[in-house]
Amino acid sequence: MNVVKKDGSIIFAVRVVPRASKSRIVGEHDGALKVQLISPPVDGAANAELIRLMAKQFGVSQSDVEIVAGETSKSKRIKIANMSQSKFEEVIK
């Protein structure tokens with residue numbers, strides 16, 4: 001998976017599957033982190049759920065998680081501030 005380190009943050013690709021039975025990180029798929037979300041892709045609900053899930057899984061505040069590309073797409077780029085690559089890799093394994 002392609003992870004970019006920049007100014008104490010990491011940026012990575014996410015592939016979102018909305019309307020799943022449970023919100024969770026599934027694993028890697030086609031170079032992106034595959035994430036299932038309970039929320040439907042309506043009125044930003046899935047994006048809000050994605051930010052909540054990422055913050056919880058990586059142990060950062062929601063304000064440290066930002067969708068930098070793909071807000072209306074299933075393929076997104078996420079930026080997490082105050083995150084080392086080693087901590088990121090530890091969580092996704």
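**Close-ups of the predicted model**

By class, 5 nonpolar, 4 polar and 3 charged residues make up the lining of the largest pocket. Here Ala, Val, Leu, Ile, Met, Phe, Trp, Tyr, Cys and Pro go down as nonpolar, Asp, Glu, Lys and Arg as charged, and the others, Gly among them, as polar. A note for every view: this is a predicted model, where local features need pLDDT of at least 70 and side-chain atom pairs count only at pLDDT 80 or more, while totals for chains, interfaces and linings use all residues. Residues are numbered from 1 along each chain as its sequence is written, and side-chain values use heavy atoms, with hydrogens and water left out.

**View 1. The largest pocket and its lining.** About 180 Å³ of space sits in this pocket. Its lining includes Val16, Pro18, Pro41 and Val42, along with Glu71, Thr72, Ser73 and Lys74. On a 1 Å grid over the protein atoms alone, a pocket is an open set of points where a 1.4 Å probe fits, with protein on both sides within 12 Å along at least five of seven lines; lining residues have an atom within 4 Å of a point. Points are joined across faces, edges and corners, and the volume is the space filled by probe spheres set on them.

**View 2. Phe12, Phe58 and Phe88 form one aromatic cluster.** A search of the whole structure turns up 3 aromatic pairs (ring centres within 6.5 Å; planes under 30 degrees apart are stacked, over 60 edge-to-face, the rest tilted; for Trp, the six-membered ring is used). Phe12 and Phe88 have ring centres 4.7 Å apart and planes at 45°, so this pair is tilted. Phe12 lies in strand β2 (residues 9–17) and Phe88 in helix α2 (residues 85–92), so the pair ties together parts 76 residues apart in sequence. Helices (H or I, at least four residues) and strands (E, at least two) are DSSP runs, numbered from the N terminus. With centres 5.4 Å apart and planes at 15°, the rings of Phe58 and Phe88 are stacked. Phe58 belongs to helix α1 (residues 45–58), 30 residues from Phe88. Phe58 and Phe88 are both buried (under 20% relative accessible area, with exposed over 50% and partly exposed in between; 1.4 Å probe, protein chains only).

**View 3. The hairpin of β5 and β6.** Strands β5 (residues 65–69) and β6 (residues 75–81) pair in the antiparallel sense over 4 bridges (DSSP must find at least two). Val65 stands opposite Ile80 in β6. Between the strands are 5 residues, and Gly70 takes a positive phi near 85°.
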